[in-house]
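Please look over the sequence and the structure first, then read the points below.

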Amino acid sequence: MMTGTSLDLHHAVEQFLFREARFMDENDYDSWLALWADECTYWVPANDDGNDPASNVSLIYADRNLLGDRVWRLKGLHAHTQRPKSRLARVVSNVEIGRVEGDEITVHSAFSLCEVRKDDMRFWVGRNTHLLLREGDD
C-alpha cells in the first residue's frame, strides 16, 4: 500500500520523467542536459544480452562531458543525420519506483517514441532505468 509520502514521491518522479521526455521531444537540449549530474552515465545498450557496457556493444555510453559534446553537435550544423530535425513524440508509462536509499531513487519505466523525419516514420519502444538523485525538493 502506498502512503501519502510515497504517492508524493511517485508523482514527483513521474513529473521529472515527463519533463525530461518533453525536453527531448522539443529539442531543448540545454534544459535536458541540465537534468544530468556531473557524475552521470548515459547508457543505451545495443541489445539485452548483458548488463555490462564494458563488455557489450552500446549505442550510447557517455559521461557528462560526452553528453555535452552530443548536445553541441545537435544544436549546431554538425549532426548531419538531423537535417532536417526529427519531430518526436514520446510517451513515458509504467513508472515504478524501485529502491529508495537516502537521496538516490531507482526508477523503472517504459517508453514509446514516434520519430518523423522527411517522409519516414519510425516507432521505438523500450524500457528505462534511471538512478535519480534528489537535490532539495527536486
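The count of salt bridges in this chain comes to 6. The model is a predicted one. The chain has 138 residues, of which 28% are buried.

**Overall layout**
- The chain contains 3 helices and 5 strands.
- Starting at the N terminus, the elements follow the order α-α-β-β-α-β-β-β.

**The salt bridge between Arg90 and Asp25**
- Arginine 90 and aspartate 25 form a salt bridge, and their closest N and O atoms are 3.0 Å apart.
- Aspartate 25 belongs to helix H1 and arginine 90 to strand E3, so this pair ties together parts that are 65 residues apart in sequence.
- Aspartate 25 is buried, because its relative accessible area of 17% falls under the 20% cut-off.

**The network around Arg99**
- Salt bridges link Arg99, Glu101 and Glu104 in a network.
- In one of these salt bridges, the side chains of arginine 99 and glutamate 101 meet at 3.3 Å, N to O.
- Arginine 99 also forms a salt bridge with glutamate 104, where the closest N and O atoms are 3.5 Å apart.
- Arginine 99 is partly exposed, with a relative accessible area of 36%.
- Glutamate 104 counts as partly exposed as well, at 30% relative accessibility.

**A patch of negative charge**
- On the surface, Asp38, Glu39, Asp103, Glu135, Asp137 and Asp138 gather in a patch of negative charge.
- Aspartate 103, one of the residues in this patch, is placed in the loop between strand E3 (87-101) and strand E4 (104-117).

**Phenylalanine 23**
- Phenylalanine 23 is part of helix H1, which covers residues 4-25.
- Phenylalanine 23 has a relative accessible area of 9% and is therefore buried.

**Cysteines**
- The count of disulfides comes to 0.
- A disulfide is a covalent bond between the sulfur atoms of two cysteines.
- Cysteine 40 is buried, with a relative accessible area of 11%.
- Cysteine 114 also counts as buried, at 17% relative accessibility.

Notes. Residues numbered from 1 in each chain as written. Predicted model: local features only at pLDDT ≥ 70, side-chain atom pairs only at ≥ 80, totals over all residues. Heavy atoms only, no water. Patch = residues over 30% accessible without salt bridge, like charges linked within 9 Å, V, L, I, M, F, W, Y side chains within 5 Å. Areas by Shrake-Rupley, 256 points an atom, 1.4 Å probe, with all protein chains shown as cover. Salt bridge = Lys/Arg side-chain N within 4 Å of Asp/Glu carboxyl O. Lys, Arg positive; Asp, Glu negative; His and termini not counted. Charge placed at Lys NZ, Arg CZ, Asp CG, Glu CD. Helix = DSSP H or I, 4+ residues; strand = E, 2+ residues; numbered from the N terminus. Disulfide = S-S within 2.5 Å. Buried < 20%, exposed > 50% of the residue type's maximum accessible area, 1.4 Å probe, protein only.
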